[in-house]
Amino acid sequence: MPRLFFIIFLISFVKITTCQSESARKVFNDIVDVIAVYGKNKPNLEIDENGTNVAYLYKSTVYIDQKVIDIAKGFKDDSLNMLAFILGHELTHYYHNHNWITRETKNDYKEFSFMQNIKYFNKDSTKRLEMESEADLKGGFYAYLAGYNALENTPKFLDKLYEEYELKENVSGYPTLNERKKICVQQKEKINRLKSI
């Protein structure tokens, strides 16, 4: 009897995880469909199981951690919107050529990560802030065009990500947590103006 219970539990867990992964893929594809006009090849989506990086872009692949998908699920009705925030952000980096990490520098800089490992990167922090702001604005707008409200509860989502990944609020060369949240609020206001246009 215990063995049967374990098998049923395992099947249920795999089914739930697969369903969550499919949700992430659907959000990813919805946003890609909106921005595909840029003429670049469609990027790939890989779901990491390692639990160390939130999300990052490397070459033509967006990587998102399964843990992020699980955290987003905790936002219930907003879960897809939270995934749209992360994926829209990374897709903006891809479609607007923010992917500067090469095979040679990948090991030195760990990967271009959404919020982690950026301390190893020595690019101009002003340019970095501009690209992050652009990724939030355009990613949020692309997500909106794809049917998602990606910036509404993002400050709470960022708080949860920082907590779960045990990230420092201040990382050298990267916007602080408070700056990230402020960027999202400002970008949400800009998007609201763009919606009416």
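**View 1. Contacts of Phe-157 in the predicted model.** Leaving out residues up to four places away in sequence, Phe-157 touches Val-68, Ile-71, Ala-72, Phe-75, Met-82, Phe-85 and Ile-86 (contact means heavy atoms within 4.5 Å). The model is predicted: local features need pLDDT of at least 70, side-chain atom pairs count only at pLDDT 80 or more, and totals for chains, interfaces and linings use all residues. Residues are numbered from 1 along each chain as its sequence is written, and side-chain values use heavy atoms, with hydrogens and water left out.

**View 2. The largest nonpolar core.** This core has 42 residues, of which Ile-31, Ile-64, Ile-86 and Phe-157 touch the most other members. A nonpolar core is a set of buried Ala, Val, Leu, Ile, Met, Phe, Trp, Tyr and Cys residues joined through side-chain atoms within 4.5 Å; buried means under 20% relative accessible area, exposed over 50% and partly exposed in between, with a 1.4 Å probe and protein chains only. Helix H3 (residues 79-95) gives the most to the core, with 9 residues. In soluble globular proteins, nonpolar side chains tend to be buried together.

**View 3. Helix H3 against helix H6.** The axes of H3 and H6 come within 10 Å and cross at roughly 75°, which makes H3 roughly perpendicular to H6. Met-82, Phe-85 and Ile-86 of H3 and Thr-154, Phe-157, Leu-158 and Leu-161 of H6 make the contact. Axes are lines fitted to C-alpha atoms, for helices over the stretch in contact, and angles run from 0 to 180 degrees between N-to-C directions. Angles under 35 degrees count as roughly parallel, over 145 as roughly antiparallel, 65 to 115 as roughly perpendicular and the rest as oblique. Ala, Val, Leu, Ile, Met, Phe, Trp, Tyr, Cys and Pro count as nonpolar, Asp, Glu, Lys and Arg as charged, and the others, Gly among them, as polar.

**View 4. Helix H6 against helix H7.** H6 (residues 154-164) and H7 (residues 177-196) pack at an angle of about 155°, with their axes 9 Å apart, so H6 is roughly antiparallel to H7. On the H6 side the contact is made by Thr-154, Pro-155, Leu-158, Asp-159 and Tyr-162, and on the H7 side by Leu-177, Arg-180, Lys-181, Cys-184 and Val-185. The contact of H6 with H7 has 6 nonpolar, 1 polar and 3 charged residues.

**View 5. Two loop residues with positive phi.** Lys-76, not a glycine, has a positive phi of about 45° and lies in the loop between helix H2 (66-73) and H3. Lys-76 counts as exposed because its relative accessibility is 66%. Glu-166, also not a glycine, has a positive phi of about 50° and is found in the loop between H6 and H7. The relative accessible area of Glu-166 is 71%, so Glu-166 is exposed.

View 6. Asp-48 is in strand E1 (residues 44-48); helices (H or I, at least four residues) and strands (E, at least two) are DSSP runs, numbered from the N terminus. With a relative accessible area of 14%, Asp-48 is buried. Apart from neighbours within four places in sequence, Asp-48 is in contact with Tyr-56, Tyr-63, Ile-64, Asp-65 and Gln-66. Tyr-63 is 15 residues from Asp-48 along the chain, and their C-alpha atoms are separated by 6.5 Å.
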